[in-house]
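Here's a quick briefing to read alongside the model.

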Amino acid sequence: MPEQTPDEAISPGGAGAAMDLALAEGATLEKTPGGPEGTGPAEKPRSLWSDAWRDLRRNPVFIISALIILFLVIISIWPSLITDQDPLDCDLSKAQQGSQPGHPFGFDGQGCDVYTRTVYGARTSVTVGVCSTVGVSILGGILGGLAGFFGGWWDSVLSRITDIFFGIPVVLGGLVFLSVVTSSTIWPVIGFIVLLGWPQIARIARGSVITAKQNDYVQAARALGASNSRMMLRHIAPNAVAPVIVVATIALGTYISLEATLSFLGVGLKPPAVSWGIDISAASQYIRNAPHMLLWPAGALAITVLAFIMLGDAVRDALDPKLR
C-alpha cells in the first residue's frame with residue numbers, strides 16, 4: 001500500500017481538493033477590499049494641500065478668524081447691508097455726543113456718525129491690505145523665485161538689493177515717500193507698501209525654491225530634458241508656494257495696521273477719504289471728553305489685524321509638515 005503525503009492525509013480529496021481550496025481562498029481575497037488583510041479599500045494618497053485643508057477645517061482658530069474676515073469682506077463690498085447712512089453726512093450740532101437711538105456709536109468731532117464711518121472704514125483697510133498683499137506676493141515671489149532657481153549673479157544682485165531695503169525704516173520711509181504725494185486715494189499707499197514689502201517675500205520665495213529644486217523629481221525632470229519654464233511652473237512652484245502663502249497671510253494684517261499708522265501721521269489717506277487711521281487721529285485730541293470716538297475705530301482695527309494674524313498662524317500650522 002503506497003504511503004500518503006501529509007497533505008493527502010489531511011485533505012481526503014488529495015491534490016484536487018487542495019487546488020479547489022486554493023482557488024476558493026484566491027476568490028475570497030479578490031472580494032475582500034484592501035488586500036489580504038481586509039484593511040479596507042486602498043486610499044488615494046493625500047497631497048499637502050488636502051491634508052492642510054482637513055486640518056484647517058478642524059481648527060477653531062481658523063474658523064473664527066475666517067468668519068470675522070468673511071464678515072469684513074462682505075461689509076466692505078456692501079456696507080449698505082448694515083447701515084443706510086452716509087459717512088460724510090455730518091451735523092456739527094451733534095459733535096462729540098454719545099450713543100443715541102439710530103446712532104449706537106455716537107458722533108465724532110465733526111458730528112459724523114461713528115458707526116457709519118467705522119463700517120465704511122473697513123472697505124479702505126481691507127482693500128489696502130488685500131491689494132498690497134497681492135502686489136507684494138507677485139513681485140517678491142517672481143523675483144525671489146528666479147533668483148533661487150538660476151542663482152549666480154542674479155541671486156547676488158537681488159540679495160544685496162533686499163539688504164538695502166531691509167535697512168530702510170518703514171514708517172520713516174512712508175513719511176518721506178508719501179509726504180510728496182498729493183493724492184488722497186489708496187493707490188499711493190498701496191504702491192509704497194509694495195515697494196518696501198516685496199524683499200521679505202522675495203527672500204522667503206528664494207529659500208523655498210532653492211530647497212524644492214534639489215528634490216529628486218526635479219533632477220529627474222531635468223535629466224529627461226524638461227525646459228526651465230516647465231520645471232519652474234510644473235514641479236518647483238507648486239511645491240515652493242506654501243511658505244510664501246503663510247508669510248503673505250500674516251503680513252496682510254501688518255499692512256492694514258501700517259496704512260492706519262501712516263493715515264494717523266497724516267501722510268497716508270487724507271480726508272475726505274474714510275479710514276480708521278484718519279478717525280483715530282481725529283479722535284486722539286478728544287480722548288478725555290469723548291472716548292467713544294477713539295474706542296470704536298481702534299477696536300475695529302485691532303480685531304481686523306488680529307483676525308488676519310490668527311488666520312496666518314492657522315495656515316502656517318497646517319502647511320508646515322514639521323508641526324504635524
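Contact here is heavy atoms within 4.5 Å, and buried is under 20% relative accessible area, exposed over 50%, partly exposed in between (1.4 Å probe, protein chains only). Helices (H or I, at least four residues) and strands (E, at least two) are DSSP runs, numbered from the N terminus.

This is a predicted model, in which local features need pLDDT of at least 70 and side-chain atom pairs count only at pLDDT 80 or more, while totals for chains, interfaces and linings use all residues. Residues are numbered from 1 along each chain as its sequence is written, and side-chain values use heavy atoms, with hydrogens and water left out.

**Overall picture**

- The protein has 12 helices and zero strands, giving the pattern α-α-α-α-α-α-α-α-α-α-α-α along the sequence.
- Of its 324 residues, 38% count as buried.
- Take the contacts between residues at least 6 apart in sequence: 67% of them join residues at least 24 apart.

**More on helix 11**

- Helix 11 (residues 276-283) is mostly covered, with six of its eight residues buried.
- Those buried residues are Trp276, Gly277, Ile278, Asp279, Ile280 and Ala283.
- In the loop between helix 10 and helix 11 you'll find Pro272, and a cis peptide bond joins Pro271 to Pro272, with omega at about 15°.

**Helix 8 and its partners**

- Helix 8 and helix 10 pack with their axes 9 Å apart, at an angle of about 150°. That makes helix 8 roughly antiparallel to helix 10.
- Axes are lines fitted to C-alpha atoms, for helices over the stretch in contact, and angles run from 0 to 180 degrees between N-to-C directions. Angles under 35 degrees count as roughly parallel, over 145 as roughly antiparallel, 65 to 115 as roughly perpendicular and the rest as oblique.
- Helix 8 passes helix 10 in a right-handed crossing; a crossing is right-handed if the near helix is turned clockwise from the far one by less than a right angle, and left-handed if anticlockwise.
- On the helix 8 side, the contact residues include Val189, Phe192, Ile193 and Gln200, and on the helix 10 side they include Met232, Ile236, Tyr255 and Glu259.
- By class, the contact of helix 8 with helix 10 has 18 nonpolar, three polar and one charged residues. Ala, Val, Leu, Ile, Met, Phe, Trp, Tyr, Cys and Pro count as nonpolar, Asp, Glu, Lys and Arg as charged, and the others, Gly among them, as polar.
- Helix 7 (residues 170-178) also meets helix 8 (residues 187-212): their axes come within 11 Å and cross at roughly 135°. That makes helix 7 oblique to helix 8.
- The crossing of helix 7 and helix 8 is right-handed too.
- From helix 7 come Val170, Gly173, Gly174, Phe177 and Leu178, meeting Pro188, Val189, Phe192, Leu195 and Leu196 of helix 8. The residues of this contact divide into eight nonpolar, two polar and no charged.

**Aromatic pairs**

- The structure holds seven aromatic pairs. Rings of Phe, Tyr and Trp (its six-membered ring) pair if their centres lie within 6.5 Å; planes under 30 degrees apart count as stacked, over 60 as edge-to-face and the rest as tilted.
- Trp53 and Phe62 have ring centres 6.3 Å apart and planes at 90°, so the pair is edge-to-face. Trp53 is partly exposed at 46% relative accessible area, whereas Phe62 is buried at 14%.
- Phe149 and Phe150 also pair edge-to-face, at 5.0 Å centre to centre and 90° between the planes. Phe149 is buried, with 8% relative accessibility.
- Phe105, Tyr115 and Trp296 form one aromatic cluster.

**Single residues worth a click**

- Asp155 sits in helix 6 (residues 152-166) and counts as buried at 12% relative accessibility. Leaving aside neighbours within four places in sequence, Asp155 is in contact with Ala147 and Arg206.
- Trp154 is in helix 6 and is partly exposed at 29% relative accessibility. With neighbours within four places in sequence left aside, Trp154 is in contact with Leu143, Leu146 and Ala147.
- Gln96 lies in the loop between helix 4 (60-77) and helix 5, and its phi is near 65°, a positive value in a residue other than glycine.
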